Amino acid sequence: MINYQKYLFHSSFLSLCVGSILLSSSASAESFRDALSNALQYHPSVEAAQSSQQNIKDQKLEQWSANFPEVNLNATAGRVYGDNATSRGLSVTRGSGYSYLWEGSAGITQKIFDGFETGERIEAAEDRYRSAKLSIIDVRENLALQTAQAYFDVMRTKEVLGIVKDHNAQIEDYKNRISLMVNEGVADQGELALAEDITILLDNIMVDYNAQHYAAAIAYEQLTGAAPSGDMSMPSWDRTLLPDEQNMALEQLAAHPSIQAADYLVSASMHDVDAEKATFYPDVNGELSYFKKEVDDVIGGEVDDARAVVKMSWNFSTGGAQYARIRQRQATKFETEAEKRQLERELTQSLGQAWVEYTSAAKILSNMQRRREINSDLFNTNNVQFEGGQIRLLQLMQSENQYFQTQIDYINAIYRQKLSELSVLASLGMLQQAFEIQVPENAAFAGD
């Protein structure tokens with residue numbers, strides 16, 4: 001008996017400590033939409049995706065700038081020494097001379113034709129930018145599902161802990177009454193042992209759900225950046241987005257942000273191949289330039305040079321480097337296409353698993369509801385029988401404990417069924433749409 005009391009004391013103390021930590025957060029209500037918005041705006045994975053998008057956006061701007069002229073300005077000032085044909089002709093004493101030097105040049109170069117290489121590289125950068133924007137949506141979809149699971153877990157475990165606390169008080173009363181009956185000789189030690197066994201199991205349930213609640217709160221804080229608030233409620237969402245059949249869900253999978261992002265990456269790799277093929281064509285540039293140089297006549301005198309010309313350059317690698325670069329880009333394109341097919345298989349598998357869970361959870365919830373009703377009726381019947389002296393107190397205690405177990409199973413089944421719906425929506429990339437979450441762009445990376 002002493003060991004059992006120590007065990008019960010340690011377990012209850014652990015439950016009290018964990019519960020105090022978790023319930024010490026702000027008592028202000030926090031809606032599910034607020035939790036989603038916090039996670040989708042400020043989570044590090046979203047910030048990393050936004051930084052990647054900004055990087056690709058600047059790459060697109062870098063490629064686009066090739067359509068505009070380049071301006072070159074140079075200036076030189078100093079002192080020079082010269083010994084050349086001019087100095088030897090003008091300096092009869094030593095054939096050389098010194099002079100201050102002032103030199104400057106300005107030029108504008110405009111690309112006229114490069115085999116459409118610039119256009120292909122711009123298109124590739126544009127496709128990668130579109131892919132990056134869709135990737136952010138996919139990152140947020142995954143975060144939304146994780147946040148929903150953490151939010152539901154916090155609610156579920158808190159609700160169960162409240163029921164366990166009330167039930168434990170009732171079971172403790174049963175046990176005390178049985179103990180009194182043993183002392184009075186109207187019950188035996190076996191009934192008391194069974195009653196104590198039930199209290200130990202209930203204490204384990206309390207400790208287990210406290211641990212689950214603590215883990216859910218940690219996950220919630222990691223996702224949203226803040227501990228869960230005191231008041232949380234089950235959200236509502238647009239259930240018309242849920243397909244009626246799995247085949248319909250598979251048809252909708254083509255609109256998933258990840259697949260669309262993969263399509264853009266495939267398109268970008270095709271433009272990369274065409275850009276490398278464009279290097280076989282000559283480059284034609286227009287150039288305006290002006291050059292002015294001032295030195296003493298003994299060195300060379302003044303020079304003015306103004307030009308308006310068209311230049312053509314054509315470089316061809318005799319060692320096959322251009323063909324090798326084309327093959328590299330083609331290999332990258334094949335790899336991107338294969339990654340897209342792999343992604344489609346993974347998303348199809350994920351959707352299939354989510355759909356099985358969705359249909360199973362609905363059936364399990366229906367069964368748990370029926371079990372709860374049956375055990376409720378059974379407990380009420382046993383209560384009447386106990387009042388009539390037909391069953392013993394231990395049997396009533398066991399009946400109420402069985403009803404309590406079905407209550408917990410029913411609560412878990414409710415949250416499981418709700419989360420299964422969100423899992424299907426997330427598998428289709430429609431979870432944010434279901435809650436009409438409009439997340440503003442990060443100020444550091446806003447705009448297109």
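Trainee: Where does Phe116 lie?
Mentor: Phe116 lies in the loop between β2 (97-113) and α5. Helices (H or I, at least four residues) and strands (E, at least two) are DSSP runs, numbered from the N terminus.

Trainee: Is Phe116 buried or exposed?
Mentor: Phe116 is exposed, because its relative accessible area is 60%. Exposed means over 50% relative accessible area, buried under 20%, and partly exposed in between (1.4 Å probe, protein chains only). Phe116 also has a positive phi of about 70°, although it is not a glycine.

Trainee: What kind of model is this?
Mentor: This is a predicted model, in which local features need pLDDT of at least 70 and side-chain atom pairs count only at pLDDT 80 or more, while totals for chains, interfaces and linings use all residues. Residues are numbered from 1 along each chain as its sequence is written, and side-chain values use heavy atoms, with hydrogens and water left out.

Trainee: What about Glu436, where is its place?
Mentor: Glu436 is in the segment after α11. Its phi is positive, about 55°, although Glu436 is not a glycine. At 60% relative accessibility, Glu436 counts as exposed.

Trainee: How many helices and strands does the protein have?
Mentor: The protein has eleven helices and four strands.

Trainee: And what order do the strands of the sheet have?
Mentor: The four strands form an open sheet in the order β1-β2-β3-β4, with antiparallel pairing. Two strands pair if DSSP finds at least two bridges between them. The edge strands, β1 (70-82) and β4 (303-313), each pair on one side only.

Trainee: How many bridges link β3 and β4?
Mentor: Strand β3 (residues 283-294) and β4 pair over eleven bridges, in the antiparallel sense. Gly286 stands opposite Val310 in β4.

Trainee: Switching to helices: what should α9 span?
Mentor: Helix α9 (residues 321-387) has 67 residues, so at 1.5 Å a residue it should span 99 Å. The expected span is 1.5 Å times one less than the number of residues. The end C-alpha atoms of α9 are 96 Å apart, which agrees. Gly389 follows α9, and its phi is positive, near 75°.

Trainee: Which residues have the most contacts inside the largest nonpolar core?
Mentor: Leu422 and Phe435 do, in a core of 68 residues. A nonpolar core is a set of buried Ala, Val, Leu, Ile, Met, Phe, Trp, Tyr and Cys residues joined through side-chain atoms within 4.5 Å. The elements that give two or more residues to this core include α2 (32-42), α5 (117-183) and α10 (393-427). The largest share, 15 residues, comes from α5.

Trainee: What is Phe435 in contact with?
Mentor: Leaving aside neighbours within four places in sequence, Phe435 is in contact with Phe32, Arg33, Leu36, Pro235, Ser236, Trp237 and Leu422. Contact means heavy atoms within 4.5 Å.

Trainee: Which residues of α2 are buried?
Mentor: Phe32, Ala35, Leu36, Ala39, Leu40 and Gln41 are buried in α2. The buried residues of α2 pack against α3 (44-64), α5, α6, α10 and α11.

Trainee: Back to α5: is Asp127 buried or exposed?
Mentor: Asp127, in helix α5, is buried, because its relative accessible area is 5%. Beyond its neighbours within four places in sequence, Asp127 is in contact with Tyr264, Ser267, Ala268 and His271.

Trainee: What share of the protein is buried?
Mentor: Buried residues make up 38% of the 448 residues.
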